[in-house]
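Student: I would like to learn how to read the features of a protein model, one after another. Could we look at it together?

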Amino acid sequence: MIEDTYYLNNGYPMPKIGLGVYKITDEEMEKAISSALDIGYRAFDTAYFYKNEIALGNALKKSDVPRSELFITSKIWNDYQGYNKTIEFFTKSIENLGTDYLDLFLIHWPCEEDGLFIETYRAMEKLYKEGRIRAIGVCNFKQHHLEKLMAETEITP
């Protein structure tokens with residue numbers, strides 16, 4: 001069911017079903033989001049890298065669904081990793097989306113060759129502790145990435 005919910009490690013509720021907006025153009029966004037909201041979607045997945053956060057934010061604002069009922073996920077892209085860049089691009093994302101916080105912020109890829117995913121995650125921990133993100137996590141990590149991350153950071157993804 002579209003209303004079903006998972007609970008993340010910190011107890012924060014996350015809808016089981018959401019809409020990813022990766023290839024949705026600015027011209028298509030309002031109709032796509034309106035239709036999704038009409039049938040019950042409340043979770044939306046984006047990333048600064050997708051270049052459509054502003055369109056998503058505008059479409060969500062035009063709806064009558066309160067922000068508190070939405071679950072917005074964004075991700076930090078490979079080129080934007082590192083402590084300071086993570087904070088910079090997180091800030092750009094929430095400005096683009098027109099919100100004060102994200103429900104979930106993820107590292108998109110570990111980019112092991114850059115060696116930045118630990119400091120990226122530490123920046124995310126800071127934002128989480130400040131209340132600007134409700135939950136943090138990762139995508140596309142293998143077991144050894146997770147083990148390293150969990151050994152060197154405080155918050156379980």
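Tutor: Let us begin with contacts, where contact means heavy atoms within 4.5 Å. Leaving aside residues up to four places away in sequence, His108 touches Tyr50, Lys75, Ile76, Trp77, Cys139 and Asn140. Before going on, please note that this is a predicted model, in which local features need pLDDT of at least 70 and side-chain atom pairs count only at pLDDT 80 or more, while totals for chains, interfaces and linings use all residues. Residues are numbered from 1 along each chain as its sequence is written, and side-chain values use heavy atoms, with hydrogens and water left out.

Student: Where is the place of His108, and is His108 buried or exposed?

Tutor: Helices (H or I, at least four residues) and strands (E, at least two) are DSSP runs, numbered from the N terminus. His108 belongs to the loop between β6 (104-107) and α4 (117-129). A residue is called buried under 20% relative accessible area, exposed over 50% and partly exposed in between, with a 1.4 Å probe and protein chains only. With a relative accessible area of 10%, His108 is buried.

Student: How many disulfides does the structure hold?

Tutor: A disulfide is a covalent bond between the sulfur atoms of two cysteines. Here the term is used for a pair of cysteine sulfur atoms within 2.5 Å, and the structure holds zero of them. The reason can be read from Cys111, because its sulfur is 11 Å from the closest cysteine sulfur, in Cys139, which is too far for a bond. Both residues are buried, Cys111 with a relative accessible area of 10% and Cys139 with 18%.

Student: In what order do the five strands form the open sheet?

Tutor: Strands of a sheet pair through backbone hydrogen bonds, either parallel or antiparallel. Two strands are taken as a pair if DSSP finds at least two bridges between them. In this model the order of the open sheet is β3-β4-β5-β6-β7, and the pairing is parallel. At the edges stand β3 (18-20) and β7 (136-138), each with a single partner strand, so one side of each is left without a neighbour in the sheet. From one strand to the next, the twist averages 25 degrees.

Student: How many bridges join β6 to β7, and which strands does α4 lie across?

Tutor: Three bridges join β6 to β7, and Ile107 stands opposite Val138 in β7. Angles run from 0 to 180 degrees between N-to-C directions, and axes are lines fitted to C-alpha atoms, for helices over the stretch in contact. The helix α4 lies across β5 (71-76), β6 and β7, and runs at about 160 degrees to β7.

Student: How many aromatic pairs does the count come to?

Tutor: Rings of Phe, Tyr and Trp (its six-membered ring) pair if their centres lie within 6.5 Å, and planes under 30 degrees apart count as stacked, over 60 as edge-to-face and the rest as tilted. By this rule the count comes to eight aromatic pairs. One of them is the tilted pair of Tyr22 and Tyr50, with 4.8 Å centre to centre and 55 degrees between the planes. This pair links distant parts of the chain, 28 residues apart, with Tyr22 in the loop between β3 and α1 (26-38) and Tyr50 in the loop between β4 (43-45) and α2 (53-62). Tyr22 counts as partly exposed at 45% relative accessibility, whereas Tyr50 is buried at 14%.
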